[in-house]
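Subject: Structure handover and notes

Dear colleague,

Here is the structure I said I would pass on. Please open it alongside the notes that follow.

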Amino acid sequence: MEKLGLNEIRELFLSFYAEKKEHYRHESFSLVPPPGDKSLLIINSGMAPLKPYFAGTEVPPAKRMTTCQKCIRTGDIENVGYTARHGTFFEMLGSFSFGDYFKHESLRWGWEFITQVLKMPEDKIWATIYEDDDEAFEIWKNEIGIDPNKIVRLGKDDNFWEIGLGPCGPCSEIYFDRGEEYGCGKEDCKPGCDCDRYLEFWNHVFTQFSKEEDGSYSNLEHKNIDTGMGLERLACIMQGVDSIFDIDTIRMVLNAVVDKAGVEYMDGKAKTDVSIRLITDHIRSVTFMISDGIMPSNEGRGYVLRRLLRRAARHGKLLGIEGKFLAELSKKVIESSYTAYPELKEKEDYIYKILTIEEDKFAATIDQGTNILAEYIEELKASGSKVLSGDKVFKLYDTYGFPIELTQEILEEEGCIVDVEGFNENMQHQKEQARAARKSDDDEGWKEASAGAEEDDTVFTGYTNVAGKGIVKSIYVGKDSVTIASEGETARIVLDQTPFYAESGGQAADVGTIKGDGFEAKVVEVTKNHNVFSHKIEVVSGEIKVGDVAELEICIYNRNATARNHTATHLLHKALKEVIGDHVAQAGSSVTADGLRFDFSHFEAISAEDLKKVEQIVNEKILEFIPVVTEEKSMQDAVDAGATALFGEKYGDTVRVVSVGDFSMELCGGTHVANSGQIGSFKIVSESGVAAGVRRIEAVTGGDVLNKANESEAVIKEASEILKTNPTVLLQRIANMNEELKALKKELEEIKKADMGNVAQDMLANAEEINGVKLLMKSFEGADINDLRTISDDVKKEAKGVILVLAAINDGKVTFMVSVSDDLLEKGYHAGNMIKKIAAAAGGGGGGKADMAQAGAKDPSKVQDAFEVAKTLI
């Protein structure tokens, strides 16, 4: 059996099925599930992205497909590093049939591939089948010619695939016999045994039944094939190694980890090998995740990424690696895999930057968080407890960015556990507070917006018309279906056709008027549900009835302003890609007559220089007066032409493509200008962050740019008047005032510092001595923690054997500080332990190190009580 590299095996498999067995070869789908799949955070199997094809809800590009799918699984994350085969990232080779071939072809072609292409020894191959699947037995025995003794029948738990109701079926798994040295020595040892001798590497699932609600099984009209073979597991067989970490591509990454850490890898025998393996696996996962657009965050798939990344960073510290290292390691992952996944190379700089930023964020808090966790562990051991409270675990998560799993891991190393229920309660409380903060007392909106869901589709004429006629098909007032809406009432009506654009795709709806024989109404909102347009109207005069013929007219000023902003959004999207990078993807938008808001994926604030470049590109395209063309195409043709599809949007077989020359091409159902010159001008108003990895730009176009300029001019004029200067020298005036202010602040600080020095001397002179310790206590109105530290430093320079208990009172709150001179630390005095009891006397709490600690408290009237507690502690 020839030794083959992992990349070579992948290509042999895909070429075999694509070229010899006429399968459509599809590149790996993204690790981010398709928009309609809410069941997964991250793709975890080869068939997961193909579920719509198996379910019949979407038409596959071909009846035969083959893929090598990137996958992430974190269910066994605690085993990663400790075993030879556990990993979070893996690749799954797959061959699929959607109602085309079935068992005979699937098993025969599988046998052909492993014996003729990979040249595995036939005597090493075993097969398992479902216990009642005589058809599969006959194929293996008579068509393929495998020894019947090497065909093992297993039960439903092992060889029958089903998830709830619906499609299901038996499966046949192919095993490789690794040899007696890996076995248990039992005479009946064979596939299904718990020992390591037989390695399952390829599963063929025959989806031929449908499980019904009564528990029975019916035959499917169209039978499917779904096979899955772990590439890393297959590579272990082909390369004759026992561990996935010894496969050529993964070993390349592992060696880079070893070089970085300066430690020797002992093939799993050394304690440090756990960290080496874990980092090797996790850097593969995070590199692929970031290349697919996943950004670190505190929820969803972004949290999975952050958890893996921070776990790897911590194990780097355990190995003694100083500073950032993961970003550098990602280059080795890219080097080992970019031939199969070119997007890795294309996004190499982007991946490097994201990892660098995230490592910097974690480095800023990990040492502080680790120290605090170490203090918590000390306290647990001192008290004899083994459980860290949920509020402390949550503080580590919320303040220091420690994923709960990381805290659990560190605690387990110390023989302790986490109060998970308490942590979840704290998390839920925070979510409820956030929801309460977001909740508005405003009207929640029209709950009957789904009115008309059972109606016939509305014909939309608004792409080519701004006015027209329509027949009133139904009227809703509140949740009730009525036949008449009268003057003064607000209602929703459904028409057979309309020029009014319904709110969708981020674009606001048209507004306008509806008139008819004896009635007039204002259209203030239009929504859409299953292609039924619901017009929210305010009846101005008369009565509108079901069956009336209405004259419909949209507000052309509103429509044109909205169209300007929508086309400008497309130009902005493309300009951002050119200036910032191809990783930029739309994450949301809002287009109205007043302006545009564009949310997009990016990892940091955009510099003023880059914003200026973006703005300049958009305005250049406006001034080129480029025709804006809309076309209807098949989805495949549109994608082949290079059209940008937006993540999260659901598209049909036929799509609308909006092109601004050869500069921008997007799938879009909105309304647009006919020529880029109609936008007039474009001005970015603001750029900000709205979520982890998501930035927002707000901008205006056309006449609103002039309005913004006028507003800015008015502000400059008013500021000049206040500062009694001419607008032309306003900046210089402000700069001069800043310099004056700095000088005054410096002078004030020097006076304050001198006063503090006097305070230190006075306090030493009036110190209270208790058991040989000089206790200095004083409260200060309007001081801050820095002032208290200054006093502490001054006193400790002058004297030994001192403990300071100081309080700063501001806005009805107290900040306490306890400071212990170095000579008293040896005698057991501990500022962190003392301050907890002192602050508690004033309704507060805190902690810190032995030499200095601080705490907050709520009741200034109890400061003297706190000082009395300090005396008892001495």
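This is a predicted model: local features need pLDDT of at least 70, side-chain atom pairs count only at pLDDT 80 or more; totals for chains, interfaces and linings use all residues.

Four strands make up an open sheet, in the order S22-S23-S28-S27, with antiparallel pairing. Strand S22 (586–591) and strand S27 (682–691) are at the edges; each has a single partner strand, so one side of each has no neighbour in the sheet. On average, neighbouring strands here are turned by 15° against each other, direction ignored.

Within this sheet, strand S23 (residues 596–601) and strand S28 (residues 694–701) run antiparallel and are joined by six bridges. Helix H17 (residues 608–623) touches S27 and S28, and its direction makes about 135° with that of S27. Helix H19 (residues 703–722) also touches S27 and S28, with its direction at about 95° to that of S28.

S28 is mostly covered, with six of its eight residues buried. Its pairing with S27 is antiparallel and has eight bridges; Glu687 has Ile697 in S28 as its bridge partner. S27 and S28 form a hairpin with two residues between them, and Gly693 in the turn has a positive phi of about 75°.

**The sheet S24-S25-S26**

Three strands form another open sheet, in the order S24-S25-S26, and the pairing is again antiparallel. Its edge strands are strand S24 (628–634) and strand S26 (664–667), each of which pairs on one side only. Neighbouring strands in this sheet are turned by 25° against each other on average, direction ignored.

Strand S25 (residues 654–660) pairs with S26 in the antiparallel sense over four bridges. Ser659 has Met665 in S26 as its bridge partner. Helix H16 (residues 556–579) packs on the sheet and touches S24, S25 and S26; its direction makes about 115° with that of S26.

**Strand S13 and its partners**

Which strand does S13 join through five bridges? Strand S13 (residues 467–477) is joined in this way to strand S21 (residues 549–554), and the two run antiparallel. Gly468 stands opposite Leu552 in S21.

S13 also pairs with strand S16 (residues 490–495), in the antiparallel sense and over four bridges. A further antiparallel pairing, over three bridges, is with strand S14 (residues 480–482). Ile475 takes part in both of these contexts: Ile493 in S16 stands opposite Ile475, and Val482 in S14 stands opposite Ile475 as well. The hairpin of S13 and S14 has two residues between the strands, and Gly478 there takes a positive phi near 65°.

**Helix H7**

Helix H7 (residues 248–261) has 14 residues and reaches 20 Å from its first C-alpha to its last, close to the 20 Å expected at 1.5 Å a residue. The buried residues of H7 are Thr249, Ile250, Val253, Leu254, Ala256, Val257, Val258 and Ala261. The elements covering these buried residues include helix H1 (6–20), helix H6 (231–239), helix H8 (272–291) and helix H10 (326–337). Gly262 follows H7 and has a positive phi, near 70°.

**Helices H12 and H13**

The axes of helix H12 (residues 348–383) and helix H13 (residues 390–400) come within 10 Å and cross at roughly 170°. Because of that angle, H12 is roughly antiparallel to H13.

On the H12 side, the contact has Thr365, Gln368, Gly369, Ile372, Leu373, Tyr376 and Glu379; these meet Lys392, Lys395, Leu396, Thr399 and Tyr400 in H13. The residues of this contact divide into five nonpolar, four polar and three charged.

**Gln208**

Gln208 lies in strand S8 (residues 198–211). Is Gln208 buried or exposed? Gln208 has a relative accessible area of 9% and is therefore buried, the cut-off being under 20%. Leaving out residues up to four places away in sequence, Gln208 touches Phe102, Lys103, Cys168, Gly169, Pro170, Ser218, Asn219, Leu220 and Lys223.

Regards

Note on methods: Residues are numbered from 1 along each chain as its sequence is written. Side-chain values use heavy atoms; hydrogens and water are left out. Two strands pair if DSSP finds at least two bridges between them. Axes are lines fitted to C-alpha atoms, for helices over the stretch in contact, and angles run from 0 to 180 degrees between N-to-C directions. Contact means heavy atoms within 4.5 Å. The expected span of a helix is 1.5 Å times one less than its number of residues. Buried means under 20% relative accessible area, exposed over 50%, partly exposed in between (1.4 Å probe, protein chains only). Angles under 35 degrees count as roughly parallel, over 145 as roughly antiparallel, 65 to 115 as roughly perpendicular and the rest as oblique. Ala, Val, Leu, Ile, Met, Phe, Trp, Tyr, Cys and Pro count as nonpolar, Asp, Glu, Lys and Arg as charged, and the others, Gly among them, as polar.
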